Amino acid sequence: AEIPREMVASGDWVVPRLNGLRYFEKPVMGYWLTAVSISIFGENNFAVRLPSSLAIGCTALFVFFLCSHYHTPQSRLPFLSSFIYLSTLGVMSLGTLAILDPPLTFFLTGTLVLFFIATEAPPGSAQERGWLLAAGVFAGSAFLTKGFLAFVIPVATAAPYLILQRRWTDLLRMLVLPVVGAFLVSLPWVILIHQREPDFWNYFFW
């Protein structure tokens, strides 16, 4: 909570700081979300915890959306799936804490759900391109939340799925637009932090 509080107090939303010292452990998206909440609701527990709770709720909506996409309106599966997700021990215990895991989970879930729906669209169609680009935007947001894990998990999930589907040509073709979307979201801050603090990426990467 202190890092986003200092962002609001200093007006510097590019370089994360903790007790006035540069903090290079993580990128900024998670801190931005909390800083926006603090700006709206003030410095209190509600504002600090709200982004995590919203992220958990929106992740449940993605689960609902995915199940609704493949089942009839009469099916109870979308409701049951969302309820099961929200009632698991990890989600219930971490879902209201001011940590980066709920936003990361939301962005990664969005990446995978949108990519999966893209695989069901006609190849090369406007629908497929839209879903792939949206998946990339979520992947870029996940990268800005917790770093390179945002790319490892989607690739480690999507590539085996496409291989099992024997969609060999799609392995490379369907990566282009997600990469473009991720770059569009993350590149502005990546450049800004490099200009302001050239040592950030050396510290973060190595």
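Q: Leaving aside neighbours within four places in sequence, which residues is F200 in contact with?
A: Contact means heavy atoms within 4.5 Å. By that rule, and leaving out neighbours within four places in sequence, F200 is in contact with F24, K26, P27, W189 and I193. Bear in mind that this is a predicted model, where local features need pLDDT of at least 70 and side-chain atom pairs pLDDT 80 or more, while totals for chains, interfaces and linings use all residues. Numbering starts from 1 along each chain as its sequence is written, and side-chain values use heavy atoms, with hydrogens and water left out.

Q: How many residues make up the largest nonpolar core, and which have the most contacts inside it?
A: In soluble globular proteins, nonpolar side chains tend to be buried together. A nonpolar core here is a set of buried Ala, Val, Leu, Ile, Met, Phe, Trp, Tyr and Cys residues joined through side-chain atoms within 4.5 Å; buried means under 20% relative accessible area, exposed over 50%, and partly exposed in between, with a 1.4 Å probe and protein chains only. The largest such core has 36 residues, and F115, W189, I193, F200 and W201 have the most contacts inside it. Helices that each supply at least two of its residues include α1 (2-10), α3 (45-69), α6 (101-120) and α10 (176-196). The largest share, nine residues, comes from α6. Helices (H or I, at least four residues) and strands (E, at least two) are DSSP runs numbered from the N terminus.

Q: What does T111 do with its side chain in α6?
A: Look for polar contacts: N or O atoms within 3.5 Å, where within protein one must be able to donate a hydrogen and the other to accept it, and residues adjacent in sequence count only if both atoms are side-chain atoms. T111 sits in helix α6 and counts as buried, at 5% relative accessibility. A polar atom of its side chain lies 2.8 Å from the backbone oxygen of F107, and the T111 side chain also reaches the backbone nitrogen of A139 at 3.1 Å. Beyond four places in sequence, T111 is in contact with A135, F138, A139 and P154.

Q: Which residues of α7 are buried?
A: Among them are A135, F138 and A139.

Q: Where is N19, and is it buried or exposed?
A: Most residues other than glycine have a negative phi. N19, however, has a positive phi near 55 degrees. It lies in the loop between β1 (17-18) and β2 (21-22), and N19 counts as exposed at 62% relative accessibility.
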